[in-house]
Amino acid sequence: MAVPLLRSLRTRLIASVVLIEIVMLSLLVWNNMSLIRQAHADRLRDTAASMLQQIASTAGSYLVEVDYARLEEYLGNIAGHPELAYLAVLDGDQRPVVRFGELPVGGWPEADRHPAAVDDGRYDRVAEIRFAGRGMGQVRMGFSLARMEQAIQAARMRSVAIAGGEIVLTVLATVLLGLGLTHRLGQLAAAAQRVGAGDYGVTVPTGVKDEVGMTAAAFNRMVAEVSQRTCRLQEALARERVIEQTAIDGMITYDASGRILSVNPAMEALFGYRGQELLGRNVALLLEAEAGAALWNRATGRRQELQGRRRDGSRFPLELYIGQVDVRGEPLYAATLHDITERKRAENECRTLLQGNRFLIHKSLAVQEEERRHLARELHDELGQCTTAIQADAELIHERAQGGDGQVAASAAAIIGVSARMYDVVHSMMRRLRPTVLDDLGLVAALEEAVQDWRQRQPEIGLEFTSRGELGDLGEAVNISLYRIVQEGLTNIARHAGARRVGIRLSRELEAGRSLVRLEIEDDGCGMEPQATGQGLGLIGMRERVEALHGSLELVSSPAAGTAIRVRIPLTEEEGDRGHG
């Protein structure tokens, strides 16, 4: 596309350079002419002053001797000065005694101060002639400024000619440089127009590696990068179109007023609308009315579960995700709608199975505790009594055998030791199965006994147990659950933690007016990976015990940072009243 002459960069460049050159040369010529005029005026002033002083100092002796002939002869040499218009020597009565040139008509003019201030074309000067301190007359001289003006005019013509020549040379140089520069810039402009039309295969010759060449090289790199990005963008758009057309989720775009702008084919199967029937309609018709129209005018940032409404009025659960971008200052929304009917059905089935499993686990734990209680009672009632009877018989045999058969006495002593060991083992098993102190003295005493036993078995590990608050009336279920959690936690620490210190804190507190009990077990051992904290059967058993009491269990651990188990169990109102009444 041709550029008009007046809008051409070449024309504007040449015109700008010429205009600047004319202005600068005009200022230079004006300044030079001022300097030349001042120099000529100063020269004439100095010449006149010198001549006037010479004549005034010499003419006095001639006037005293009244020797006008010799005075005229003396002044004749001076009167030949080319710029002198007139020269006159006046006596004391102001009468000319010697004169040269044409004297002023109409009387003697006032003396001029400087040639530059003269407006009549003649520089008039006057000086007093004194001899022996006595006034003898005057010297009057007039200098024509024509010669000075001719010299100034000649200088002006030379300056103008030089400036004109410089302007012509500048124009020629600018035209030559401009042609080369604008030609290369024109190539850049033409290439830019082709790129704007979608032709990304264009390249611009770089030529000389000057600013234009560097710009051309940068332009070529930019076009190559734009071409690559355009190809990638087209591929991405193609992939997005394929995804949009084949996606099983509904996808729509809509504006700030809720008007639907585009839909994908999955919307027909999801909501029952045919083809492009949804275009132009309000997006609110896709959800139940209670969802609210304001929901559609903000990005969700996450999926929301809502109730969708099909064309036939039927309802179904869906997940909605809304994203937002600004296009030319106006918001544009895109929403993804996913039918979760099957997932909800599966969740309900899983929930039912989970509830059944938890019921079985809780029932199993209850049966396990009952069996432990029964086994502990059996060990106490049956095996404990039998062990006591064996020990009593062995002691009787040992007493009867004293002083008699030494082998019988030794065997009886061995039986006494074995029976005592059996009794200790049975007693320890009973405490682990069902500590009688838990039923007799409460949870704190049972935990202190368990802690003491653990210290005896693990003397190299420091164990600290503290309790706070009223903990004597927590109830059978809470007591046995907390005891088993501590028991399991200490077992895990002994087996896996490699800890040096362990802390157990049990407290009863009020939170938001409700009573609860807290248990914390912490160690400084090796810890474990976060993803492995919920895989052990012991931890699963702890969590199930706590959740059966509507409590919560938090396990915090990381490698080389130890492990912390925090249990929180809310108490019933009856238990809370008893604990804080």
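Visitor: Which residue in β8 does Leu306 stand opposite?

Guide: Leu306 faces Leu318 in β8. This is a predicted model, where local features need pLDDT of at least 70, side-chain atom pairs count only at pLDDT 80 or more, and totals for chains, interfaces and linings use all residues. Residues are numbered from 1 along each chain as its sequence is written, and side-chain values use heavy atoms, leaving out hydrogens and water.

Visitor: What makes β7 and β8 (residues 315-327) a pair?

Guide: Two strands pair if DSSP finds at least two bridges between them. β7 and β8 have 6 bridges, in the antiparallel sense, so they pass that test.

Visitor: Why are β6 and β7 said to stand at the edges?

Guide: The open sheet has 5 strands, ordered β6-β5-β9-β8-β7. β6 (260-263) and β7 (304-309) each have a single partner strand, so one side of each lacks a neighbour in the sheet.

Visitor: Why are α9 and α10 called roughly parallel?

Guide: Helix α9 (residues 443-457) and helix α10 (residues 476-497) pack at about 15 degrees, with axes 10 Å apart. Angles under 35 degrees count as roughly parallel (over 145 is roughly antiparallel, 65 to 115 roughly perpendicular, the rest oblique), and therefore α9 and α10 get that label.

Visitor: Which residues of α9 make the contact?

Guide: Leu443, Ala446, Leu447, Ala450 and Trp454 of α9 do, meeting α10 residues including Leu482 and Tyr483. Contact means heavy atoms within 4.5 Å.

Methods:
Axes fitted to C-alpha atoms, helices over the stretch in contact; angles between N-to-C directions. Helix = DSSP H or I, 4+ residues; strand = E, 2+ residues; numbered from the N terminus.
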